[in-house]
Amino acid sequence: MPNLRLAATLLVFAFGATNAFLPSQTVVSRSRTNLRMAADGKLVVISPPGGIGEVVAVQAAKMGSSVRWFVISPPASTASVTLPPNISGIEVAGAEADTLLLPTDDDSSAVKAVATWCSSASGVICVMDGVEQSVAAMNNQPNVKPMEYSEIEKAKNVMMDAIKIAAKEASGSVSSQGMKIAILSADLIGSEEENEEEKGGGLLGGIFGGNQVVVPSSLVSAMGNNVATLRYGELFGLPESSADASPFMGGPRKYPVFRDEYTMKGVRMDPSKSAAGTSMMGEDSRSSRLSVGEAAVRMATKSLNVKSGMDVCLTSLKGMDNLDDDEWADEFARVQDAVLKSVGGELFSASFGSVPSVERLADWLATKWAPAVLKTYEIAGIRVGARPVYASRIGENQVEIIWQELKDFKTNVVGKMVIDISETGILARRSPGDQSAGYGSISAKPLNGEDILVRRLADAASQAMDKGLATKPAPTKRPKKKVVEAPVVVSTVVAAGAVDTPVAAKPAASEAGPRTTGAVRSSERKRGKRRKESDE
């Protein structure tokens, strides 16, 4: 196969392990015959070395999927992928980014090889996380001249374009029922990259000789139809297969400190965009790589009810327990319900197991949580238009946050956020403002800072459970499948004659001792006799 030679050769690694979060070792290539595969369904993962891509590949293998991980590395990179020996079911191949940008008729192009190796896939997961780390590792290689800033940015763009091309080639062979998952940063919401229509025929002139192939404008458009998007905030956490992964920070200590990925296992899913298109994740939103990887695998394998076009974001919350299957299903059912209800003005909802005191929780939201959020720079820094000013209690189970705007030296209430507290959860909805000032209807557009308060409400729900103001909801129990036991076959044997059954002899009754029967000793005991005679 001529297109698999020299720099374009697909690097198929051993089933061994992957410590590529910080690439440092040398890649070892295998025979080209390893690119042949059976025509069975496989989950294809396309990503840079390490990061979320490694988490997805390992997690999918643990859940029983047959995984093909295609690793895209920068040119002349010495990144390696090494999987733990106890992980099976993963096949790893890779190519340098510049070989995917060459024309398909070029002998050094790896585009056709990607399509061949990723064929007959039942699902595809594409990840951008790890591009910056891979380029930084390439730039820090010994005896290599450091690149300038412009060259580093071009190298990143080349890697991202290569991932889009590989995603397009791999998605073309996915079955019609297969699911495709694009894992992207929440910072890209509303960016020009996602709003552009697919462009083609452009030439990318850069340090790698230019791009002469059609590059999709975004990762989602590259994957075609039947695509769902999973977004993340500020990432933290190392893959469990990494050599640097450890539950503790800084080694053994008298008072050990756990890493965030072990103390923030809680997960909250929200629609990536509100009803008006604003982002539901802020700069302070954080996401664990382990949680994002597991969510992506569950979405791709259809263990969750995922629909095409679904765009959700994942936020990590405090918690030491991993989510089980029922909790993941409930969380995805809740986010799908939130997408439908957001059109009617509903902004946020959180379910609790129980609320011991509705009045106490409402008082905490109105006097503690809301004033602290309204004093933050994100809210207090709003200088143009209306902004949330204060919060107040309405009855025993409602809290309202007021938006005011100063016009002609007069304060007008332009809208409200009403938080309803019940014994099973909290619900936030948009409410109209002052009718006499012309704000008597619910605004079709989000109020200034509304998305910030919605994100902070997710933290408030977690804090309420930590403070004992509410309890964690129990997962919905689903009926277990009844296992039909096979009938036991009993063979009957007829005896030739009657068989005498030996009768067990009854144990003899135990004789009671003298103390039990009350016997009196007839002679004096010898103990102490000498002492008595000497006394006489």
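First, the conventions. The model is predicted, with local features taken at pLDDT of at least 70, side-chain atom pairs counted only at pLDDT 80 or more, and totals for chains, interfaces and linings using all residues. Residues are numbered from 1 along each chain as its sequence is written, and side-chain values use heavy atoms, with hydrogens and water left out. Helices are DSSP runs of H or I with at least four residues, strands are runs of E with at least two, and both are numbered from the N terminus. Two strands pair if DSSP finds at least two bridges between them.

Start with the sheet of 8 strands. It is open, its order is β3-β2-β1-β4-β5-β6-β10-β8, and its pairing is mixed. At the edges are β3 (90-96) and β8, each of which pairs on one side only. On average, neighbouring strands here are turned by 20° against each other, direction ignored. For all such angles, axes are lines fitted to C-alpha atoms, for helices over the stretch in contact, and the angle between N-to-C directions runs from 0 to 180 degrees.

Buried is under 20% relative accessible area, exposed is over 50%, and partly exposed is in between, with a 1.4 Å probe and protein chains only. In a regular strand the side chains alternate between the two faces of the sheet. In β8, Gly266, Arg268 and Asp270 point one way, while Val267, Met269 and Pro271 point the other way. The strand is antiparallel to β10 (residues 311-317), and 6 bridges join the two. Within that pairing, Met269 is opposite Leu314 of β10.

Lys42 has Ala121 in β4 as its bridge partner. Helix α1, residues 51-62, lies across β1, β2 (67-73), β3, β4, β5 (179-185) and β6 (227-232), and runs at about 170° to β2.

Next, a helix pair. The axes of α3 (residues 131-139) and α4 (residues 149-171) come within 10 Å and cross at roughly 130°. That angle makes α3 oblique to α4; under 35 degrees would be roughly parallel, over 145 roughly antiparallel, 65 to 115 roughly perpendicular, and the rest is oblique. The crossing of α3 and α4 is right-handed, meaning the near helix is turned clockwise from the far one by less than a right angle, with anticlockwise being left-handed. Residues in contact, that is with heavy atoms within 4.5 Å, include Val135 and Met138 in α3 and Met159 and Ile163 in α4. By class, the contact of α3 with α4 has 8 nonpolar, 2 polar and 2 charged residues. Nonpolar covers Ala, Val, Leu, Ile, Met, Phe, Trp, Tyr, Cys and Pro, charged covers Asp, Glu, Lys and Arg, and the others, Gly among them, are polar.

Now the sheet of 5 strands. This one is also open, in the order β11-β15-β14-β13-β12, with antiparallel pairing. Its edge strands are β11 (346-351) and β12. β11 pairs with β15 (residues 425-432) over 5 bridges, and Phe348 has Ala428 as its bridge partner in β15. Helix α10 packs on this sheet, touching β12, β13 (398-407), β14 (410-421) and β15, at about 165° to β12. Helix α12 lies across β11, β12, β13, β14 and β15, at about 5° to β11.

How do α10 (residues 358-374) and α12 (residues 450-466) pack? Their angle is about 135°, with the axes 11 Å apart, and they are therefore oblique to each other. The crossing of α10 and α12 is right-handed. Among the residues making the contact are Trp364 and Trp369 of α10 and Arg456 and Gln463 of α12. The contact divides into 10 nonpolar, 1 polar and 1 charged.

Last, single residues. Ser392 is in β12 (residues 387-394) and counts as partly exposed because its relative accessibility is 22%. Beyond four places in sequence, Ser392 is in contact with Gln398, Val399 and Glu400.

Most residues other than glycine have a negative phi. Asp408, in the loop between β13 and β14, has a positive phi near 55°. At 75% relative accessibility, Asp408 counts as exposed. Asn226, in the loop between α6 (219-222) and β6, also has a positive phi, of about 55°.
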